[in-house]
Amino acid sequence: MKNVTFITGGIKSGKSSYAVKLAMQYKKPRIFIATAEAFDDEMKKRIDMHKQERGRNFETIEEHIHLSKALKSSIGSICIIDCITVWISNLLYYEKIKEIELFLETLQNHPCDIIIVSNEVGMGIMPNNKLSRKYADLLGTTNQKIAKTANSVIFMISGIPLYIKKGGITNEPT
Amino acid sequence: MKNVTFITGGIKSGKSSYAVKLAMQYKKPRIFIATAEAFDDEMKKRIDMHKQERGRNFETIEEHIHLSKALKSSIGSICIIDCITVWISNLLYYEKIKEIELFLETLQNHPCDIIIVSNEVGMGIMPNNKLSRKYADLLGTTNQKIAKTANSVIFMISGIPLYIKKGGITNEPT
Amino acid sequence: MKNVTFITGGIKSGKSSYAVKLAMQYKKPRIFIATAEAFDDEMKKRIDMHKQERGRNFETIEEHIHLSKALKSSIGSICIIDCITVWISNLLYYEKIKEIELFLETLQNHPCDIIIVSNEVGMGIMPNNKLSRKYADLLGTTNQKIAKTANSVIFMISGIPLYIKKGGITNEPT
C-alpha cells in the first residue's frame with residue numbers, strides 16, 4: 001500500500017523542509033515536482049535556493065499544470081509535489097481547472113508514494129475582490145479532497161509538525 | 001445537560017458540512033439559523049447552494065441580528081448557528097453590538113443543544129485599515145467567550161476536525 | 001534547567017492573557033518586556049489597557065530593539081516577551097535585523113525562564129506587495145527558530161491553548 005501524505009500550513013511554517021525530511025526516510029528514487037514558474041527574479045531566486053537545499057537527493061521535475069501525468073510517470077518512486085497553492089493559481093491563470101479532477105482521480109489510484117504540500121490561505125481578513133475569494137474557495141475545496149484521500153495530514157505551525165490525521169485516524173471522539 | 005459545540009477554522013475548511021454532520025447525530029428537531037443576508041447575486045447563490053445541501057433535515061431560520069431571541073424560541077431542538085463571522089459584521093453595520101452580550105448570556109443557560117460555526121480571520125497580514133482591525137478584535141474576543149462556554153471546540157483544517165476541547169478538557173499539561 | 005515557552009496564534013486569540021497566566025505560576029520576580037512603541041493614540045490605548053490588566057504582578061520594561069540585552073539583565077526572573085511580531089516589524093523599520101541572531105543566541109543560553117509571544121500572519125491571502133512578503137518570511141523563519149529552541153510550544157485558537165510541543169515532544173509518529 002502506498003502512502004499519501006498531505007502537509008499544509010502558513011507561509012514559512014516549514015512545510016517544504018518537512019516534506020523533504022519525510023521523503024528522505026524512503027529508500028527509493030526521489031522525485032520533486034515543482035509547480036512554480038519563475039515569472040520574475042524574486043521567484044527565480046526562491047526556486048534556485050530551494051533546489052540547492054535539496055541537493056542530489058532528488059530529481060527535480062518542473063510541471064506547472066499536468067500533475068496527474070507527472071504522477072503517472074513516477075511509478076516506483078517517492079514523489080513530493082510542492083505546491084498545490086501555486087498549481088491552483090496556475091490552473092486559474094491558464095484556464096485549466098479540469099486538471100484538478102484528473103489529479104484527484106490519479107491520487108486515489110496510488111501510483112507512487114506521494115507527499116503533497118499546500119497552504120492555508122483562508123484564515124485572514126478576506127481581500128475585497130472576487131478573484132481572491134474564488135481562489136481561496138477553490139484551494140480550500142481541493143485541500144479538503146486531498147486531505148480526505150491522504151492517510152497522514154500534517155498541519156505545520158512555526159516549524160512544528162502537528163499530525164491531525166495519522167494512519168487514517170483523526171482525534172474525533174468515537 | 002445540553003451541549004454547546006463550537007466549530008472554527010478558515011474559509012472552505014469544511015466547517016458548515018461538519019456542523020451538519022454533527023447535528024444529524026441528534027434525534028430531535030433540527031434548526032439551522034442562517035445569519036447571512038443576500039446583498040448580491042454571489043451571496044444569494046451561496047446561500048441557496050447551502051440550503052439545498054441541507055435538504056429536508058433542517059428547518060432554516062434567517063436571523064441576521066437577534067440570535068439570543070432565535071435560540072430562546074428553539075427549546076427542545078438541536079440548533080446550528082452559521083455563522084458568527086457574518087453576524088458580527090451585521091452587528092457592526094447595524095450598530096447592534098450589544099446583541100453579543102445577550103447572546104452569550106443565553107448561551108450559558110443552554111436553552112437547547114447548539115452547534116456554533118465561526119471563522120479564524122486573524123492569522124493573515126492585517127489590512128492597513130481601522131475597521132478591519134476593529135472587526136478582527138471583536139470577532140476574536142467573541143470567539144474566545146463562546147469557546148470558553150462550549151464543551152467541545154473543533155478547529156477545522158482542510159476538512160479534518162481537530163478537537164482542541166473535548167468534554168470540557170483541552171490538552172494543557174496538568 | 002530554565003524553560004522556554006513559545007505561544008503563537010492569531011489576533012485576539014488569547015496569547016497575552018495565557019502568557020500572563022503561565023507566568024503567574026512561577027514564584028520569582030516577573031518581568032514583562034513590551035516591544036511595542038506607541039506611535040498613535042490607538043496604540044497607546046492598547047498598551048495602557050494591557051498594562052492595567054497585568055497590574056502589580058509584573059515589572060514592565062519597554063524594549064523595542066535590543067531583546068538580547070533585556071534578557072541578559074533579567075537573570076533569576078520569569079520574563080514575558082510580548083511580542084515578536086511587533087519586534088520584527090521594528091527591526092525592519094530601524095534596519096536592525098542582526099538583532100535576531102543575537103536574540104536567538106541568548107535564548108539558547110537560557111538566561112532566565114522565558115515566555116515568548118508571537119503571531120501567525122501567513123495563513124491569509126498574501127497582500128500583493130514585496131514588504132509584506134519579506135515581513136511574513138522573516139517572522140515565519142524566526143518563529144521556527146524560536147519554536148525549535150522552546151520546550152513548550154502553544155498554538156492559541158479562540159482562547160484555547162493547544163500544546164503542539166510539550167516537554168520537547170511533538171505528536172510526530174516515531
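How much area do chain B and chain C bury between them? The answer is about 2,200 Å², with 63% of it on carbon and sulfur atoms; buried area here is the accessible area (1.4 Å probe) that two parts lose on being put together, summed over both. Before we go on, please keep in mind that this is a predicted model, in which local features need pLDDT of at least 70, side-chain atom pairs count only at pLDDT 80 or more, and totals for chains, interfaces and linings use all residues. Residues are numbered from 1 along each chain as its sequence is written, chains are lettered from A and ligands numbered from 1 in the order in which they are written, and side-chain values use heavy atoms, with hydrogens and water left out.

Let us stay with chain B and chain C for a moment. Their contact (heavy atoms within 4.5 Å) takes 26 residues from chain B and 28 residues from chain C. On the chain B side, B:Met123, B:Ile125 and B:Asn171 lose the most area to chain C, and together they account for 32% of what that side buries. The count between these two chains is 2 salt bridges, a salt bridge being a side-chain nitrogen of Lys or Arg within 4 Å of a carboxyl oxygen of Asp or Glu. B:Arg133 forms a salt bridge with C:Glu42, and their closest N and O atoms are 2.9 Å apart.

Now turn to chain B and chain A. These chains bury about 2,200 Å² between them, 62% of it on carbon and sulfur atoms. Here B:Ile11, B:Ser158 and B:Ile160 supply 28% of the area that chain B buries against chain A, more than any other three residues. The contact takes 28 residues from chain B and 26 residues from chain A. Across this interface the rule finds 2 salt bridges, and over all chains the count comes to 9 salt bridges. The side chains of A:Arg133 and B:Glu42 meet in a salt bridge at 2.9 Å, N to O. This pair joins two chains, because A:Arg133 lies in helix α6 of chain A and B:Glu42 in helix α2 (residues 41-54) of chain B. Helices (H or I, at least four residues) and strands (E, at least two) are DSSP runs, numbered from the N terminus.

Helix α6 of chain A also has a partner within its own chain. The axes of α4 (residues 84-93) and α6 (residues 130-149) of chain A come within 10 Å and cross at roughly 130 degrees; axes are lines fitted to C-alpha atoms, for helices over the stretch in contact, and angles run from 0 to 180 degrees between N-to-C directions. The two helices are therefore oblique to each other, since angles under 35 degrees count as roughly parallel, over 145 as roughly antiparallel, 65 to 115 as roughly perpendicular and the rest as oblique. Among the residues making the contact are A:Ile88 and A:Leu92 of α4(A), with A:Leu138 and A:Ile146 of α6(A).

In chain A, a cis peptide bond joins A:Asp82 and A:Cys83, with omega about 5 degrees, and A:Cys83 lies in the loop between β4 (78-82) and α4. In chain B, the peptide bond from B:Asp82 to B:Cys83 is cis, with omega near 5 degrees. B:Glu95, found in the loop between α4 and α5 (99-108) of chain B, has a positive phi of about 55 degrees although it is not a glycine.
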